[in-house]
Structures are given as structure tokens and as C-alpha cells.
Amino acid sequence: MDKVLRAEALMTKGFMPPDEGDALYLAACSACKALPQLPIVEVGTYCGRSTVWLGAAARKFRTNVFAVDHHFGSEENQQGWEWFDESLVDSASGRLNTLPSLVDTLRRSRLTDVVIPVVGESKVISSQWSKQVAMCFIDGGHGDEPVKDDYLGWAPKVAINGFLAIHDVFADPKHGGQAPFKYIYSAAIDSGEFIELSATGSLRVLQRIEKFNLNS
Ligand code: SAH
Ligand code: MG
């Protein structure tokens, strides 16, 4: 991967560990190579940390990343919670707003022509989204409802042979919340439409396969 872009990713605020970011980049390259011209969708961008790894792959394969986030932060990013960062609060509204940081990250990394922020509620955007995607990376809200909505809304957009990458997958409740494991990872595997390609930390990369019907 481009060294300058990797350094930019590591400089960006966020939650993507370096080894998982590198695995995300490799997965994105392989999906974009297999499905030329189709875009990548990221759900849950925050300040754009994971987005830079995805953007590096999209730049290499001349495609785009659509980075979906309402930019108000998840539950755990709010005041009083574990992952609250006061410097991201907008002084006028008193509310968290990560969009200015994302715009800074994209300018600094020179990815403004590659990564297109899509600002809004993931469920609304997925419901209006008709294009197939080479890869969808889900790292948005981690409560049961947003996770179920992200699976139902975005998994069907992944093209055959395309990838569904999921962050914060913990099979053991001792290590973290169960929603992405139950309602995305396990749901996708149990559907028979996805197979697992790789696991790095809490990142799982699945591939969409042609579903065959034993009765036909
Ligand atoms: N991928 C980022 C971390 C994402 S944190 C990184 O590498 O650092 C999760 C993000 O999901 C937050 O920015 C939050 O605003 C967004 N989010 C949570 N629920 C959402 C929803 N329903 N629609 C859109 N964005 C959502
Ligand atoms: Mg995450």
C-alpha cells in the first residue's frame, strides 16, 4: 500500500487497528480487481480512519468509496460514554459532529476525488441505493436494531463474488458486543449466500457466492 496514505490513515482519529486496516485494504483491492468499476460502500466512517485504507484501494483500482455516516456518532461516542471525544463536539449545536474531521482527512490524504461522503441515516440510504457494490464494509451503529438494518439494507447490494466486511465481530461476549457477530456475521453465513475468507482481529471478510438450490 502507498506509504503516504498508510501514514495518513494512522494519523486519523478512529477505531481501526493498523493490522485490521491493512487486511481491509487487501480485501478491498481483491474485490475491486474482481469487480472492476463497482464501488465500495463504507457504513460508519467517523473521522475517516478506515476510509483512508479503503480509499487507497479504490484509488489503485480507479473506483470510488461512498462513505455513509450521519456524523452524529454512535451511542458509545456520546458524552458520558467510553468513546466520547470532546474535541469533536460542534460548539454551535453542542452536538457531536465528525463531518468536518472527515473532510479534513480527505483533503489531507488527497482522496476527495475518490471518497464521496454520503451524510445521513444508513437505513434511508440503503433503501434508496440500487447499484451493486464490489465491497461493503459495515462498521456503523452497534446496537441490535442498527446492526440488523445494516445487514438487511446492505448485504443484498454486494455483487456475486463481492465482499462483505464486518468490524467488531466478537464470537465470545467476554470480548465485546454481540450484535455484529449475531446479526451480520452469523446471519450472512447461515443464509448460505456468503462464505468466510479471512479473520483479522475483529474484522471478518466474507464473499458472496452464487446460491445454489439443491431442489432445482
Ligand atoms: N470506521 C470508523 C469508525 C466508525 S464509528 C473508523 O475506522 O474509525 C461508527 C460510526 O457509525 C459513527 O461515526 C456513527 O456516527 C455512525 N453511525 C452509527 N449509526 C449510524 C446510522 N444508523 N446511520 C449512519 N451512521 C451511523
Ligand atoms: Mg469498529
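The legends below describe close-up views of pockets, a cavity and helix contacts in a predicted model. In this predicted model, local features need pLDDT of at least 70 and side-chain atom pairs count only at pLDDT 80 or more, whereas totals for chains, interfaces and linings use all residues. Residues are numbered from 1 along each chain as its sequence is written, chains are lettered from A and ligands numbered from 1 in the order in which they are written, and side-chain values use heavy atoms, with hydrogens and water left out.

View 1. H6 provides the largest share, 3 residues. By class, the lining divides into 10 nonpolar, 18 polar and 12 charged residues, with Ala, Val, Leu, Ile, Met, Phe, Trp, Tyr, Cys and Pro counted as nonpolar, Asp, Glu, Lys and Arg as charged, and the others, Gly among them, as polar.

**View 2. The second largest pocket**. The second largest pocket has a volume of about 160 Å³, and its lining is formed by Met-1, Asp-2, Val-4, Leu-5, Glu-8, Tyr-25, Ala-56, Arg-59, Lys-60, Arg-108, Ser-109 and Arg-110. Helix H1 (3–11) and H3 are the elements that give two or more residues to this lining, which has 5 nonpolar, 1 polar and 6 charged residues.

**View 3. The contact of H1 with H3**. The axes of H1 and H3 lie 7 Å apart and the two helices pack at an angle of about 165 degrees, axes being lines fitted to C-alpha atoms over the stretch in contact and angles running from 0 to 180 degrees between N-to-C directions. H1 is therefore roughly antiparallel to H3 (angles over 145 degrees count as roughly antiparallel, and those under 35 as roughly parallel). The contact, defined by heavy atoms within 4.5 Å, joins Leu-5, Arg-6, Glu-8, Ala-9 and Leu-10 of H1 to Arg-49, Val-52, Trp-53 and Ala-56 of H3. These residues comprise 6 nonpolar, no polar and 3 charged.

**View 4. The contact of H2 with H3**. Helix H2 (residues 18–34) packs on H3 at an angle of about 30 degrees, with the axes 9 Å apart, and the two helices are therefore roughly parallel to each other. On the H2 side the contact involves Pro-18, Gly-21, Asp-22, Leu-24, Tyr-25, Ala-28 and Cys-29, which meet Arg-49, Ser-50, Trp-53, Leu-54, Ala-56, Ala-57 and Lys-60 in H3. The contact residues divide into 9 nonpolar, 2 polar and 3 charged.

**View 5. H6 and H7**. The axes of H6 and helix H7 (residues 179–190) come within 8 Å and cross at roughly 20 degrees, which makes H6 roughly parallel to H7. From H6, Asp-144, Val-147, Lys-148 and Tyr-151 make the contact with Ala-179, Pro-180, Tyr-183, Ile-184, Ala-187 and Ala-188 of H7. By class, this contact has 8 nonpolar, no polar and 2 charged residues.

**View 6. The largest cavity**. The structure holds 1 cavity of 30 Å³ or more, a cavity being a set of grid points where a 1.4 Å probe fits but cannot get out. About 40 Å³ of space lies in the largest cavity, whose lining consists of Ile-138, Asp-139, Gly-140, Gly-141, His-142, Val-147, Asp-150, Ile-166, His-167, Pro-180 and Ile-184. H6 and H7 are the elements that give two or more residues to this lining, in which 5 residues are nonpolar, 4 polar and 2 charged.

Conventions
Helices (H or I, at least four residues) and strands (E, at least two) are DSSP runs, numbered from the N terminus. On a 1 Å grid over the protein atoms alone, a cavity is a set of points where a 1.4 Å probe fits but cannot get out, and a pocket is an open set with protein on both sides within 12 Å along at least five of seven lines; lining residues have an atom within 4 Å of a point. Grid points are joined across faces, edges and corners, and a volume is the space filled by probe spheres set on the points. Angles under 35 degrees count as roughly parallel, over 145 as roughly antiparallel, 65 to 115 as roughly perpendicular and the rest as oblique.
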